[in-house]
Amino acid sequence: MRSQILAALSIMALIATGLTLGLVGGESHADEPAAEESSSFDIRDLIPAGPSGHDPSKDALFPLQPYALIPALEGQVAYGEVESAPDLEQPIAYSHKLHAGELQIACEYCHSGARRSIHAGVPETGTCMNCHKVIPTKDRPELQKLVEYHSSGKPIPWKKVHDLPDFVYFSHKRHVRGGVKCQECHGEIQDEMTVAKRVNTLQMGWCLDCHRDHPKVDENYGASAELRRAELKDCLTCHK
Ligand code: HEC
Ligand code: HEC
Ligand code: HEC
Ligand code: HEC
Ligand code: HEC
């Protein structure tokens, strides 16, 4: 009985060794140096690059990129490299340059959540109609679309320009009340943009760089600024 078990175990061990060799062997190519063969099998090779396009094997912090595990969301997660971000076609050719620039409508008139919640929010059609109910729409297809959305009762399906992964905690309220200006994170949107474009990566390094030196931390916390700075780089501040 005992010898049978031992025999079975050694057969299993042989099979396991064979499998391991088979896997390593399967990855190798005839024209590659032999030394690379043993290190060529890396779980990270199996993970596709995320929307930011960076090579996951270069990411020292984290071998698995969470968005790679949810392929359905790929391309919707709007953060990462700015250059490779797609130009979004929005349902209405709304212009920040006209409304926030020339007409000088305050950002918070439309993005009214910024001071009191996590999300700045995108305005309801009703906010647009406060003015547009009296602006003529004749020969202006973009305004006709606006009126159609309004009378249909359906929200305008604006596409997201910024979208952090869900494992990050970010709050507009904290920043806006702390005196950080919209433009520091979103660019001179009122001078330069029709529909919004993302001008920063929203990556961890970007957050940490600003948390390290922002003058508002000294202004708001005086003698305890150093303590606050330590808090602002604590992992749990942004990863709850
Ligand atoms: C505070 C007033 C006000 C609000 C609020 C407002 N607009 Fe306007 N909008 C204007 C004015 C004024 C014009 C310029 C009208 C003109 O040229 O005669 C304009 C022009 C436009 C145009 C350009 C029309 C064209 O073809 O030239 C679009 C599109 C537009 N608005 C969409 C919107 C949308 C979408 C919203 C809501 C997110 C909005 N507006 C909110 C005042 C406003
Ligand atoms: C410290 C940087 C920072 C500041 C300051 C800031 N934002 Fe944002 N904003 C972000 C980030 C990061 C996101 C993405 C948030 C997410 O996906 O959860 C975002 C998202 C948004 C969105 C998309 C909808 C939403 O709420 O998620 C709007 C609109 C917006 N910001 C407007 C504003 C306005 C208006 C101001 C100023 C009153 C402002 N932001 C100030 C960083 C900032
Ligand atoms: C342009 C500068 C700037 C950028 C960029 C920035 N922050 Fe901040 N953040 C600040 C400042 C300044 C404070 C402190 C405000 C205060 O308390 O007065 C702060 C505070 C916070 C707080 C509140 C912490 C607490 O304990 O209340 C969180 C959370 C936070 N930031 C997350 C983020 C994340 C996540 C990002 C990147 C997506 C980011 N921030 C990017 C300047 C910035
Ligand atoms: C009249 C209303 C209005 C005003 C005023 C306005 N916005 Fe917007 N904002 C919009 C609308 C509508 C969108 C959605 C279309 C787009 O992405 O451009 C938007 C989108 C954005 C986004 C991108 C949201 C996303 O999807 O991530 C940011 C950031 C933003 N606005 C910042 C600002 C800032 C900063 C100001 C002030 C300088 C401002 N807005 C003034 C109506 C407005
Ligand atoms: C000021 C906010 C902030 C702080 C503090 C912070 N992070 Fe992050 N972290 C982020 C943001 C934003 C992202 C998502 C964007 C990205 O991938 O860079 C992120 C992503 C990550 C990821 C996933 C990386 C990837 O490639 O998907 C890991 C792991 C991580 N953080 C670990 C940490 C650890 C450990 C600490 C403490 C030493 C920390 N973070 C502190 C904001 C922060």
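Predicted model: local features only at pLDDT ≥ 70, side-chain atom pairs only at ≥ 80, totals over all residues.

Histidine 211, at 16% relative accessibility, counts as buried.

## The iron site of ligand 1

His99 (NE2) and His132 (NE2) coordinate the iron atom of ligand 1 at 1.9 to 2.0 Å. The arrangement is octahedral because the 6 donor atoms around this iron atom subtend angles of 87 to 180°. Here the pair links helix α2, which holds histidine 99, with helix α4, which holds histidine 132; the two are 33 residues apart. Histidine 99 and histidine 132 are both buried.

## The iron site of ligand 4

The iron atom of ligand 4 is coordinated at 2.0 to 2.1 Å by His96 (NE2) and His111 (NE2). Its 6 donor atoms subtend angles of 88 to 178°, which makes the arrangement octahedral. Distant parts of the chain are again linked: histidine 96 lies in helix α2 (residues 96-102), whereas histidine 111 lies in the loop between α3 (107-110) and α4 (125-132), 15 residues away.

With a relative accessible area of 12%, histidine 96 is buried. Histidine 111 counts as partly exposed, at 25% relative accessibility.

## The surroundings of ligand 4

Ligand 4 is surrounded by 22 residues, of which the closest are His96, Cys107, Cys110, His111 and Ala196. By class, the shell divides into 13 nonpolar, 7 polar and 2 charged residues.

Several polar atoms approach the ligand. A polar side-chain atom of histidine 111 is 2.8 Å from a nitrogen atom of ligand 4. The backbone also takes part: a polar backbone atom of valine 161 lies 2.8 Å from an oxygen atom of the ligand, and a backbone N or O atom of alanine 196 is 2.7 Å from an oxygen atom of ligand 4. The elements giving two or more residues to the shell are α2, α3, α7 (182-186) and α8 (189-192). The largest share, 3 residues, comes from α7.

Notes: Residues numbered from 1 in each chain as written. Chains lettered and ligands numbered in written order. Heavy atoms only, no water. Donors = N, O, S within 2.8 Å, 3.2 Å for Na, K, Ca; no water. Tetrahedral: all angles 85-135°; square planar, octahedral: opposite > 155°, others 65-115°. Helix = DSSP H or I, 4+ residues; strand = E, 2+ residues; numbered from the N terminus. Buried < 20%, exposed > 50% of the residue type's maximum accessible area, 1.4 Å probe, protein only. Near = heavy atom within 4 Å. Polar contact = N/O pair within 3.5 Å; in protein donor to acceptor, adjacent residues only side chain to side chain. Nonpolar A, V, L, I, M, F, W, Y, C, P; charged D, E, K, R; others polar.
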